[in-house]
Amino acid sequence: MKKLGIFLLFIMLVTGLFGQQVVLNYYYNAIDRSIIELFEAQNPDIKINLVEMPENTNQKLQLIQTILFAKDSSMDLFDADVTWAPIFSSAGWVAPLSKHFSDIELDAYLPGPLNSVTYNDEIWGIPYRTDAGILYYRKDLLEKYNKPVPETWEELVETSKYIMVREPGMKGLSGSWAQFEGLTCNLMEIVWSYGGEVLDENGKVIINSKETLEALKMMDDMISKHRIMPDGIVNFYSGDARAVFFAGNSVFLRDWPTGWLNSQNPSVSKIVGKVGISDLPKGDPMGRSYSTLGGWQVMVSEYSKNKEAAIRFAKFRAGLQAQKIGAVNLSHIPALKSLYSDLDVLAKMPFIQDMYPAFYSAYPRPKSPYYAEISNILQTETQMMFVGRKTPERALRDMEFQIKMLLGQF
Amino acid sequence: MKYKMNKREKMGYIFLLPSIVLMLAFIIYPVINTVYLSFFNYRIQTLSMGKTFVGLNNYRMAFNDPNFLDAISFTLIFTVVAVTLETIIGVMFALIMNKKMPGQGIIRTAVLIPWAIPTIISGLMWKFMYSEQYGVINYIFQKLMIIQEPIPWLSDAFLAGVATIIADVWKTTPYMSLLILSGLQTIPQNLYEASSIDGATKRQQFFKITLPLLKPVLSVAILFRVIATFRIYDLVAALTNGGPANATQSLTLYTIRTYFNFGNIGYGSTLATITLLISLLISLLFLKSLRAKLEKV
């Protein structure tokens with residue numbers, strides 16, 4: 001009993017000593033610890049408590065949504081995916097941030113990531129990392145068969161078929177086409193490149209067009225007509241897609257830039273030094289290439305009791321110093337323009353200089369508070385087509401119907 | 001005359017109090033709240049506008065929602081097939097485990113191992129084994145020249161259902177056989193001795209003695225499994241995530257998606273309430289038959 005008393009006294013003393021300190025709970029996606037140490041050294045009155053989120057993005061959304069729905073003040077900041085700003089801002093769950101930034105500060109960020117946190121003319125988060133879909137290709141194989149990097153999806157199919165005949169066991173394109181958010185990203189890139197779109201600027205559903213249909217048919221043909229996709233593609237997550245390419249069994253891979261480091265790591269990759277990176281192919285040869293915008297932003301909870309301190313940390317976490325650490329140590333693609341010419345960053349990821357246009361013009365997924373459900377409709381209907389339960393025409397009609405239902409546009 | 005509680009009884013109620021409070025807080029309140037919310041149109045996206053009462057509209061919507069109808073039919077078929085297989089294999093395992101033979105300890109341990117593995121882990125394990133690229137199942141089949149092309153276990157809508165059932169049966173049969181084994185051990189040995197003196201065959205013994213006496217235990221075991229299987233979530237989430245094309249989307253998976261991912265609290269509550277009602281219905285049916293059987297015995 002006496003021992004317990006002394007222990008309690010000790011605890012009280014310790015907490016008393018640091019009583020002035022604000023503790024912020026930060027629900028994070030991926031961070032280099034040295035960023036936290038640096039911030040705490042510069043701001044001795046603030047302590048950051050890191051809380052890890054689940055691996056799966058859907059589960060992250062569930063977790064954050066549950067906490068915010070309960071108006072729980074114990075979470076001060078959290079990392080958000082690019083599609084979450086409309087959901088949380090229309091629910092009134094996150095703090096508006098624009099008054100804490102000058103125009104010059106905002107101008108330092110890439111337009112795409114900044115656009116993704118903007119909704120109803122207000123800024124709801126600060127991007128600390130961007131992402132964009134890119135095409136990985138086998139440099140050695142294209143050289144061997146004297147083929148250029150494909151400019152269009154059709155060219156990609158032709159090149160794949162040409163090489164598949166000559167290289168036994170080889171497949172054409174690998175990608176994450178399982179029923180999850182990755183499929184929406186892969187799908188939208190092809191749809192946009194053919195000129196299709198889900199919603200127009202006013203939020204009206206315009207998905208049912210011959211351009212979208214052409215894109216859907218292209219994906220369907222890649223699986224069943226041209227057979228350039230690996231077996232089991234409809235159950236491929238990002239890891240499965242990479243595994244096939246890294247094992248040397250496909251000519252092309254659609255992936256995020258985060259795959260680069262591992263593609264050059266001999267313990268997981270058989271194709272070290274044989275990989276090239278390029279923009280994704282176009283649909284229309286006269287058009288442009290489209291990459292889905294990805295990335296992460298830090299948002300401040302409306303229910304945080306220490307909003308001032310939280311915003312101070314958020315600005316630091318998405319600031320120049322922290323983004324550079326993230327880029328060098330974790331190969332996070334920076335959301336700040338100036339880091340694309342930073343020598344330390346380029347030494348780690350030489351390709352980002354050439355790929356700057358792709359990151360600069362990465363394209364956002366449909367912006368809607370109902371995004372999660374729209375995405376699920378797109379995934380399900382696309383998969384219905386993949387497994388042959390629906391024709392592309394039927395899948396597209398059903399997509400339009402369900403999204404219109406959801407948004408009340410009948 | 002007024003009934004007075006004696007000290008012992010009072011004490012008993014006091015001891016019950018903590019669990020009643022816990023039940024109220026974590027079971028009764030959430031259930032009532034969910035049922036209440038199921039009558040409203042209530043979405044995270046329009047939280048500031050509050051909720052509007054829509055009566056039974058959400059329920060009407062559910063029975064016109066193709067996703068819900070697909071989910072419920074998958075869940076029902078899955079439950080019936082999986083529990084049937086689990087029962088048959090479970091009885092077989094229990095009979096083996098009940099025999100006196102050398103190495104019985106090892107056999108019992110081997111049978112129980114799948115049950116001891118967390119579902120998420122066994123889900124991922126099966127996912128690796130089913131893979132068309134590097135899966136061990138396709139590898140063995142191809143080496144044995146049974147198949148030429150790899151079987152698309154998880155990417156074919158029908159096979160994905162089969163694959164899920166296999167994984168579930170593998171995982172939960174041990175639980176079933178454990179319950180059945182406990183039932184087997186209560187059957188008096190002299191019944192078998194008497195019947196064999198009367199000239200009964202092994203087959204007759206099984207159908208006339210073992211099975212009838214096992215019925216009460218079997219009913220309980222099946223009831224547990226039916227209810228648990230009906231709410232299947234973790235295995236499907238790890239193995240297929242409801243794919244391909246919603247072919248393996250269970251009712252619980254769809255409910256959780258609607259409620260937590262789509263932020264549709266009203267409709268999500270409706271789906272949860274329907275699941276609860278069906279589970280209750282199943283339990284009532286079983287309880288009724290169980291009571292009848294126990295009285296007979």
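Modeller: This is a predicted model, and of the 410 residues of chain A, 50% count as buried, a word that requires 20 or more other C-beta atoms within 10 Å of a residue's own.

Biologist: What makes the radius of gyration of chain A agree with that of a compact globule?

Modeller: For 410 residues the globule rule gives a radius near 22 Å and chain A has 23 Å, so the two agree. Along its principal axes, the C-alpha trace of chain A spans about 80 × 55 × 50 Å.

Biologist: Why is strand β9 of chain A called mostly covered?

Modeller: Six of the six residues in β9(A), residues 250–255, are buried, and buried means that each has 20 or more other C-beta atoms within 10 Å of its own, so the description follows.

Biologist: How do you know that β7 and β9 of chain A pair?

Modeller: Pairing needs at least two bridges, which means that a count is enough to decide: β7(A), residues 134–138, and β9(A) share four bridges in the antiparallel sense, with A:R254 as the bridge partner of A:L135. Strand β8(A), residues 171–174, runs parallel to β9(A) and is joined to β9(A) by three bridges, with A:L173 opposite A:F252.

Biologist: What makes residues of chain B count as being in contact with chain A?

Modeller: The C-beta atoms of the two residues must lie within 7 Å, and 24 residues of chain B are in contact with 31 residues of chain A. On the chain B side, the largest share, three residues, comes from helix α11(B), residues 251–261.

Key:
Residues numbered from 1 in each chain as written. Chains lettered and ligands numbered in written order. Predicted model: local features only at pLDDT ≥ 70, side-chain atom pairs only at ≥ 80, totals over all residues. Buried ≥ 20, exposed ≤ 12 C-beta atoms within 10 Å, placed from the backbone. Helix = DSSP H or I, 4+ residues; strand = E, 2+ residues; numbered from the N terminus. Rg over C-alpha atoms; globule rule 2.2 N^0.38 Å.
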